[in-house]
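Visitor: I have a few questions about a model. Can we go through it?

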Amino acid sequence: GEEEGAGTATPTIHKKHTVRLVQRRESTPGGQGTKLILNLPLRSECHLLRKGDKFVRLFAYEVVENTETKGGEVAVSEEGETEKKAISFQSVQYLFKVKTVVDGDSLQEALKKGIANCAKE
């Protein structure tokens, strides 16, 4: 289902140069973000579109596990056993609405930097 509510979207850079967009919903207005509503790895193929002063649209890809082999195969290791699973990518879009133009500028800039870091790999 779709989640709504005030929250913050924060690109996080890990040691392996993996950049993820993580968003949590606030439990109370202005309170701490507690419920995870988005955890998306950014890729160099992602791109942004500014949809007005307070809107930023992100075009990205999510990995989809297939029961039929249509995409590539990836080795998945779980509890010492390695098996091959078929994967493919699905195009997704996220539209972020922010409170101010400055917030929109900050989000767009942070996402640009995150996507640029992915391209360096």
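Visitor: Is Arg50 buried, exposed or partly exposed?
Guide: Arg50 is partly exposed, with a relative accessible area of 24%. Buried means under 20% relative accessible area, exposed over 50%, and partly exposed in between (1.4 Å probe, protein chains only). This is a predicted model: local features need pLDDT of at least 70, side-chain atom pairs count only at pLDDT 80 or more, and totals for chains, interfaces and linings use all residues. Residues are numbered from 1 along each chain as its sequence is written, and side-chain values use heavy atoms, with hydrogens and water left out.

Visitor: Which residue forms a salt bridge with Arg50?
Guide: Asp105, with the closest N and O atoms 3.0 Å apart. A salt bridge here is a side-chain nitrogen of Lys or Arg within 4 Å of a carboxyl oxygen of Asp or Glu. The pair links distant parts of the chain, 55 residues apart: Asp105 is in helix α1 (residues 101-119) and Arg50 in strand β4 (residues 47-50). Helices (H or I, at least four residues) and strands (E, at least two) are DSSP runs, numbered from the N terminus.

Visitor: How many salt bridges in the whole structure?
Guide: The search finds 2. Glu45 forms one with Arg43, at 3.2 Å between the closest N and O atoms.

Visitor: New topic. How many disulfides?
Guide: 0, taking a disulfide as a pair of cysteine sulfur atoms within 2.5 Å.
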